[in-house]
Amino acid sequence: MKKKSKSRHHNNAVYIGVGILLCQRIPFISAVAACILFLIAVLSPPINDHHVRHRITDAVVAAYILNATLVVPKLDQKSYWKDQSNFSQIFDVDWFISYLRRDVKIVKELPAINGRVVNPYRTRVPRKCNQGCYQSRMIPLLDKKKAVVLTKFDFRLSNRLATNLQKLRCRANYHALKFTDPILEMGKTLVQRMREKSNHFIALHLRFESDMLAFSGCYYGGGDKERQELQQIRTRWKTLHKRNPDRERRQGRCPLTPEEVGLMLRALGYSSDVHIYVASGEVYGGENTIAPLKALFPNIHSKDSLTTKQQLAQFVSYSSRMSALDYTVCDESDVFVTNNNGNMAKMLAGRRRYFGHKPTIRPNAKKLWRLFMDRNNMTWEEFASTTQGYQIGFMGEPNEVKPGRGEFHENPVACICDAKSKSMIHSKLDIESDGDENENRTHVQSLASRDGSDLGQIVNLENPELEEIFSD
């Protein structure tokens, strides 16, 4: 007969949701146990699934640290992108609650306390706040204010935490956050249609939308028209500092152009007949910007080319759901390539390492920028050889990032350091689960046995070099 695992939740738990905290003092119970914390996290912006995943994962860990009950996070619907999607339209909310039920209690709505609607106090914790920081700052505040909203939740939790908290991050990110059935089904359809075209394919996350270029402060040779257009967009972010485009490029902070990505891939040994799925919003400059990439790789595909308008109709008005479709295809690709070193690259690199390892190629933009400028002054052989040398450490090899280096979401070493840790990842600290849950987890873990495609075997990466790189 199975023993029931002990729950760490008290009857008077702390509630979290992206941002609200509520506290009721009860005699003889510690401050943490006595508080009802409503962390109602307002995650902004919802345009990119990887941003949302990162913040939800951290909200779960914060709830665990404070012995809190998490209110299902709210997504900001007033941002520049004006996406009206809520959590349950992107992720399977019932699965999320059920999967984490022995780690963190989660509720769908903020309940009334003693029959009263709570008016919470708004605050925020410092960026990269660790376990002690959360406890020292939030417990006294909860005790005093009874209800608190945590705002600006992005990157508010330290990258370095105790192993059990890092494993909770993995459970939340890689297992509890499951897309809704419509997203999963359409994502599966897109992957199948790519496989019908080729047994192996590359997915390219091309961040070259106007808002990305405006935010980066980079310049791409479009003259006064480009400067004026991007400057107008920059005014939407009132806190952005003026940037020097040349310095940004030298420091590797400018996304590669579609042509530069194509040149990099050809230099790394990929032939023109490779099929590439492009995950992107509306590319700045439109077809003229994409044309040089298509000249290098004619077999370019996207959501629009693989489906009909009718099939995409339920997603097309929602940037977060469109991003979720791209995320699914990128995750399933044999090789994932990005033109920047931002958060989606890091999140997917970590996920692909966790589920058995598949390559993620990121550009060493700090070194490549000068090579692109000088490429007409050298032979193709010189260009290709130099590119391959510069890309050492950026090709997504299994041991490329040393333990303790890089962000945890990029290199979740606490979860994948050995086979035993993979089997332990699902326990709060080793908890028996229901049969259905075990079956689902076994299915997900079986993905870890997949071998990397021969598409990724281009360069033998030894002595990896690590660079401080730009994160979007």
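**Reading helices, strands and rings**

Reader: Which residues of helix α11 are buried?

Author: They are Pro258, Glu260, Val261, Gly262, Leu263, Met264, Leu265 and Ala267. Buried means under 20% relative accessible area, exposed over 50%, and partly exposed in between (1.4 Å probe, protein chains only). Helices (H or I, at least four residues) and strands (E, at least two) are DSSP runs, numbered from the N terminus. Helix α11 spans residues 258–267 and is mostly covered, with 8 of its 10 residues buried. Gly269 follows α11 and has a positive phi, near 110 degrees.

This is a predicted model, in which local features need pLDDT of at least 70 and side-chain atom pairs count only at pLDDT 80 or more, while totals for chains, interfaces and linings use all residues. Residues are numbered from 1 along each chain as its sequence is written, and side-chain values use heavy atoms, leaving out hydrogens and water.

Reader: How do I read a strand? Which residues of β5 point which way?

Author: Side chains in a regular strand alternate between the two faces of the sheet. Strand β5 covers residues 68–71. Ala68 and Leu70 point one way, Thr69 and Val71 the other, and all are buried. Strands pair if DSSP finds at least two bridges between them. β5 pairs with strand β7 (residues 105–107) in the parallel sense, over 3 bridges. Thr69 stands opposite Lys105 in β7.

Reader: What should I look for in helix α5?

Author: Start with its span. The expected value is 1.5 Å times one less than the number of residues. Helix α5 (residues 131–145) has 15 residues and reaches 21 Å from first C-alpha to last, close to the 21 Å expected. Next, the bend: the angle between axes fitted to the seven residues ending at a residue and the seven starting there. α5 bends by about 25 degrees at Met138, and Pro140 follows within four residues. Its buried residues include Cys133, Tyr134, Met138 and Ile139.

Reader: Where does Lys128 sit, and is it buried or exposed?

Author: Lys128 is in the loop between β8 (121–123) and α5. Lys128 is exposed, with a relative accessible area of 58%. Its phi is positive, about 60 degrees, although Lys128 is not a glycine. His357 also has a positive phi, near 80 degrees. His357 is in the loop between α16 (343–354) and β14 (360–361). His357 is buried, at 16% relative accessible area.

Reader: How many aromatic pairs are there?

Author: A ring pair is described by the distance of the centres and the angle of the planes. Rings of Phe, Tyr and Trp (its six-membered ring) pair if their centres lie within 6.5 Å; planes under 30 degrees apart count as stacked, over 60 as edge-to-face and the rest as tilted. The count comes to 11 aromatic pairs. The Phe87 and Phe96 rings have centres 5.2 Å apart and planes at 50 degrees, so this pair is tilted. Phe87 and Phe96 are both buried. For Trp95 and Tyr99 the centres are 5.5 Å apart and the planes at 40 degrees, so that pair is tilted. Trp95 and Tyr99 lie in helix α4 (residues 93–99), 4 residues apart, about one turn of the helix. Trp95 is buried at 16%, and Tyr99 is buried at 4%.

Reader: Which residues do ring pairs link into a cluster?

Author: Phe87, Phe91, Phe96, Phe179 and Tyr327.
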